[in-house]
Structures are given as C-alpha cells and as structure tokens.
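I opened my notebook to get to know a new structure. Here is what I looked up, entry by entry.

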Amino acid sequence: MEIRVQTSTATQHGRYLPIFIDAKANYASAPARILSFGCSTGVETETLSGVWPDAVIEGVEINDEVRAMAIETYPHRRFFPPSDLAGQYDLVTAMSVLCSWPEKSYGILDYGIFVEACKSIDRCLKPGGLLICYNYTYSPLNVLTDYEALPGNSYGPNYVASRAPDGTNLRAFFSTVYFRKPS
Ligand SMILES: C[S@@+](CC[C@H](N)C(=O)[O-])C[C@H]1O[C@@H](n2cnc3c(N)ncnc32)[C@H](O)[C@@H]1O
C-alpha cells in the first residue's frame with residue numbers, strides 16, 4: 001500500500017548538507033547503500049553523493065511528476081515508487097517527509113500514516129543501519145521503539161515541532177536527527 005506522508009515536494013540543492021557531514025564524521029563513515037526516502041526531484045541524492053561519493057544512492061518518491069524529473073536529471077541513479085521499495089540500505093534519510101507542511105493549510109499529519117511510513121523505513125534499513133530524520137511531526141521513536149537516539153543536534157531546530165500522537169506539542173525546538181537500528 002502506498003501512503004503519502006508529506007504532500008509538499010519542496011527541495012533544494014545542498015539542503016541538510018551539514019547534517020550529512022555530521023553523520024559521516026560520527027555515525028556512518030562508508031555506507032554502501034543509501035536511500036533517500038521522499039527524494040522529490042532527486043537533488044537530495046546529489047547532496048548525499050557529495051558526502052558519500054562511493055555509495056550506491058537511490059531514491060523512493062511517491063509523486064510521479066517529481067520522480068520523473070529525478071529519473072531524467074540523474075539517469076545513473078535508481079528512482080522508484082514506494083510500491084517497489086524492497087532493498088536493504090545501510091543508511092536511510094527521511095528529511096522533511098514525516099510531516100505536513102504548512103500545517104495551517106493541511107492540518108497536522110495523521111498519526112496512522114506516520115506509523116505506516118516509519119514501518120516502511122524500518123523494513124528497508126539493515127540491522128545496525130542509520131536513519132537520519134529531520135522535520136518530523138511525531139518522534140520516530142514512538143514507532144521504532146528499539147532504535148537508539150544518537151546525539152548530534154548541531155543543525156538547529158526542526159521546522160515542524162515534534163508532537164505526541166494526540167497532536168499536543170512535545171518539544172518546540174531541538175529534536176533528535178540520528179537514529180540507530182539495533183544490530
Ligand atoms: C518536502 S519533500 C522533501 C524532499 C527532500 N527529502 C528534501 O528534504 O529536500 C517531501 C517528499 O516526500 C514525498 N513523499 C511523501 N510520502 C511519501 C512516501 N510514502 N514514499 C515516498 N515519498 C513520499 C513527497 O511526494 C515529497 O516529494
């Protein structure tokens with residue numbers, strides 16, 4: 001089943017580069033396979049490639065229009081819809097995906113949809129793998145309860161505050177960015 005989380009396809013070159021540089025220095029020096037979950041036009045895969053040039057980097061994207069742009073712009077990489085999500089990755093990024101933006105227009109992200117998205121991320125992350133997650137409405141640890149929250153909040157506050165499942169605000173500023181799946 002394909003579940004759309006974030007509806008906005010906004011993205012930009014170099015977005016979140018400091019987070020990826022931190023991740024390389026501290027948590028994932030040489031991941032062989034990286035997945036950009038919600039890759040939009042694919043520019044995030046290009047940013048990731050600048051940090052991990054030797055990795056195989058792929059992108060999953062639910063929106064047909066921006067996924068087609070990714071395929072056209074980066075023909076040497078694989079981009080596919082969520083229905084084709086089957087591989088196992090050492091590192092998964094979920095940047096500005098597990099949220100709804102702007103909330104005042106679209107409302108708070110449905111918690112059930114968030115749960116399903118976290119489960120699909122978990123299915124494609126190898127044991128011991130790293131999940132990098134930024135701008136999320138609820139903490140991934142609500143669902144991925146055995147994951148370890150790793151330090152490293154140098155990039156600044158999330159745009160979307162973490163919330164409890166009932167929608168109440170949990171934390172308005174800094175949230176965890178790096179999560180390790182148990183081995
Ligand atoms: C705001 S963009 C973020 C793009 C990129 N990660 C970045 O931060 O620059 C969120 C993207 O996630 C995609 N998306 C939403 N639900 C998805 C799902 N279940 N699987 C794959 N992509 C999804 C949207 O279509 C959109 O292109």
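In which loop is Pro102 found? I found Pro102 between strand 4 (89-95) and helix 4 (103-106); helices (H or I, at least four residues) and strands (E, at least two) are DSSP runs, numbered from the N terminus. The peptide bond from Trp101 to Pro102 is cis, with omega near -10 degrees.

A note on the ground rules: this is a predicted model, where local features need pLDDT of at least 70 and side-chain atom pairs count only at pLDDT 80 or more, while totals for chains, interfaces and linings use all residues. Residues are numbered from 1 along each chain as its sequence is written, and side-chain values use heavy atoms, leaving out hydrogens and water.

Next I looked at Ser40. Its phi is near 55 degrees, a positive value in a residue other than glycine. Ser40 sits in the loop between strand 1 (33-37) and helix 2. I jotted down that most residues other than glycine have a negative phi, and most peptide bonds are trans.

Then the overall layout. I read five helices and nine strands in the protein chain, in the order α-β-α-β-α-β-β-α-α-β-β-β-β-β. The C-alpha trace spans about 45 × 35 × 30 Å along its principal axes.

On to a helix pair. Helix 1 (residues 17-26) and helix 2 (residues 43-51) pack at about 35 degrees, with axes 10 Å apart; the axes are lines fitted to C-alpha atoms over the stretch in contact, and angles run from 0 to 180 degrees between N-to-C directions. Leu17, Phe20, Ile21 and Lys24 of helix 1 meet Glu44, Thr47, Leu48 and Val51 of helix 2, contact meaning heavy atoms within 4.5 Å.

Last, the largest pocket. I noted about 580 Å³ of space there. Its lining has 34 residues, and the closest to its centre are Ile3, Phe37, Gly38, Ile62 and Pro82. Helix 5 (residues 111-124) gives the most to that lining, with five residues. For the terms, on a 1 Å grid over the protein atoms alone, a pocket is an open set of points where a 1.4 Å probe fits, with protein on both sides within 12 Å along at least five of seven lines, and lining residues have an atom within 4 Å of a point. The volume is the space filled by probe spheres set on the points, which are joined across faces, edges and corners.
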